[in-house]
Amino acid sequence: EANITRPKGYTVSFHCNPDMEKHHFGMTHPMKPWRLTLSKSLIYSYGMSFAMDNYISRAATYEELADFHSTDYLDFLGTVLPEPVPRDLENQNPDLKFNLGGSDCPLFEGLYDYCSMSAGGALDAARKICSEQSDIAIAWGGGLHHAKKAEASGFCYINDIVISILQLLRFHPRVLYIDIDVHHGDGVEEAFFSTDRVMTVSFHKYDPNNFFPGTGALDDNGPKSEHNSGAHHAVNVPLQDGITDEQYDMLFNTIIGRIVEKFRPSAIALQCGADSLAGDRLGRFNLQVQGHGACVEFCKRMNLPLILFGGGGYTPRNVARAWTYETSIAIGCQDKINPILPQHTPWRDQFRQDTLFPTLEQILGEPRLNKNPPKRLQDIVQHVTEQLRFVQA
Ligand code: TV7
Ligand code: CA
Ligand code: ZN
């Protein structure tokens with residue numbers, strides 16, 4: 001492979017914990033922590049680790065988790081055990097304590113360790129940004145945006161993003177949070193609902209009755225009272241099945257461009273959920289690796305301290321493609337790397353499912369019918385533009 005060298009004039013850091021990737025949600029559960037191993041092995045095969053500061057992050061402590069989560073919830077999370085016997089028929093739908101133990105958020109071996117490692121990487125990334133030791137910090141093991149103060153939700157138990165933004169807020173006056181996971185970033189939006197120091201923006205599939213979590217309508221923009229400082233500081237971009245790179249990038253660049261102009265953040269936190277890619281097992285969009293990565297490129301061009309989080313992503317080989325490509329964008333070597341996947345990458349068989357000479361950017365998957373009329377996208381841009389009239393840095 002070409003020699004990948006350190007970027008000139010800025011530092012990229014990479015935060016992971018290999019022990020996190022060993023955990024299992026269960027055989028049929030769509031969330032596969034080993035997609036992180038697959039991503040990392042592709043990133044390393046390209047030689048990108050030589051261009052970054054690499055950290056094995058320690059698990060977050062109880063006190064660090066308690067920055068956001070309630071101690072009742074953490075205490076319970078720390079003591080629950082995997083279910084010894086699967087639930088029987090009369091006990092199919094018990095009232096779950098803190099929403100733990102259902103099929104979305106199962107109790108598995110090492111659950112507390114898994115959660116604290118995910119948060120540890122994200123927090124470590126935020127600390128390197130705060131100390132200015134790094135300009136772009138990558139935590140692909142984080143991005144679990146649905147977790148609430150005292151509730152698990154949608155495969156997420158601990159909200160590593162909230163914990164890491166709380167850290168940024170100790171040094172940064174204003175943080176912009178952007179979420180390109182196909183699901184609404186409800187947990188992060190809720191956590192910062194009442195403050196004007198964090199603006200949250202989520203792009204997602206929106207269908208209140210048929211798509212999780214059902215929140216994130218265009219006019220959900222924060223507290224309705226003007227006396228609440230959080231008013232107008234939540235931006236929601238509800239989309240339909242099949243959106244393409246061109247449409248998505250037009251929306252992203254227009255909306256994020258205007259927000260950066262008005263809100264003037266001093267740091268950006270970007271959740272890069274890869275379930276917005278075409279061919280995702282749970283997603284509905286038609287984004288290619290290029291279109292998804294263009295969002296990272298746009299944020300990088302803002303020249304602000306940047307954290308990249310992972311998130312959803314349920315077709316592991318495509319998750320690895322996207323996060324590898326996005327790591328290369330962070331480093332600035334995307335034009336130098338060979339689009340044909342390295343011969344010697346472990347797991348190469350994973351990618352052979354696609355084609356004999358698999359490439360980094362080519363996703364194979366049935367394109368979905370595009371249900372996003374241009375007129376609707378224009379209405380979204382207009383709504384957000386009007387909303388931003390109320391926002392002042
Ligand atoms: C960030 N969709 C998380 C996204 C969380 C989505 C859901 C599943 C699902 C769970 C399974 C499973 C599944 C094929 C898909 C209302 C329900 C319907 C569970 C079957 N297969 C992120 C959460 C979402 C679990 N939940 O944003 C075990 O799909 O729609 C729902 C809720 C009740 C529970 N049932 C689904 O990407 C990381 N769950 C197979 C086995
Ligand atoms: Ca989203
Ligand atoms: Zn998702």
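Is Cys 295 buried or exposed? In this predicted model, Cys 295 counts as buried, because its relative accessibility is 0%.

**Cysteines**

- The count of disulfides comes to 0, where such a bond would call for a pair of cysteine sulfur atoms within 2.5 Å.
- For Cys 295, the closest cysteine sulfur belongs to Cys 299 and lies 7.2 Å away, which means that the two are too far apart for a bond.
- Cys 130 also has its closest cysteine sulfur in Cys 299, but the separation there is 18 Å, so a bond is again ruled out by distance.
- Cys 130 counts as buried because its relative accessibility is 11%, and the cut-off for being buried is under 20%.

**Residues around ligand 1**

- There are 18 residues around ligand 1, and those that come nearest are Asp 104, His 145, His 146, Asp 275 and Tyr 314.
- Sorted by class, the shell around ligand 1 is made up of 9 polar, 6 nonpolar and 3 charged residues.

- The side chain of Asp 104 places an N or O atom 2.6 Å from a nitrogen atom of ligand 1.
- Asp 275 has a polar side-chain atom that lies 3.0 Å from an oxygen atom of ligand 1.
- In the side chain of Tyr 314, an N or O atom is 2.5 Å from an oxygen atom of ligand 1.
- Ligand 1 exposes 810 Å² when taken alone, and the protein buries 65% of that area.

Key
Residues numbered from 1 in each chain as written. Chains lettered and ligands numbered in written order. Predicted model: local features only at pLDDT ≥ 70, side-chain atom pairs only at ≥ 80, totals over all residues. Heavy atoms only, no water. Buried < 20%, exposed > 50% of the residue type's maximum accessible area, 1.4 Å probe, protein only. Near = heavy atom within 4 Å. Polar contact = N/O pair within 3.5 Å; in protein donor to acceptor, adjacent residues only side chain to side chain. Areas by Shrake-Rupley, 256 points an atom, 1.4 Å probe, with all protein chains shown as cover. Nonpolar A, V, L, I, M, F, W, Y, C, P; charged D, E, K, R; others polar.
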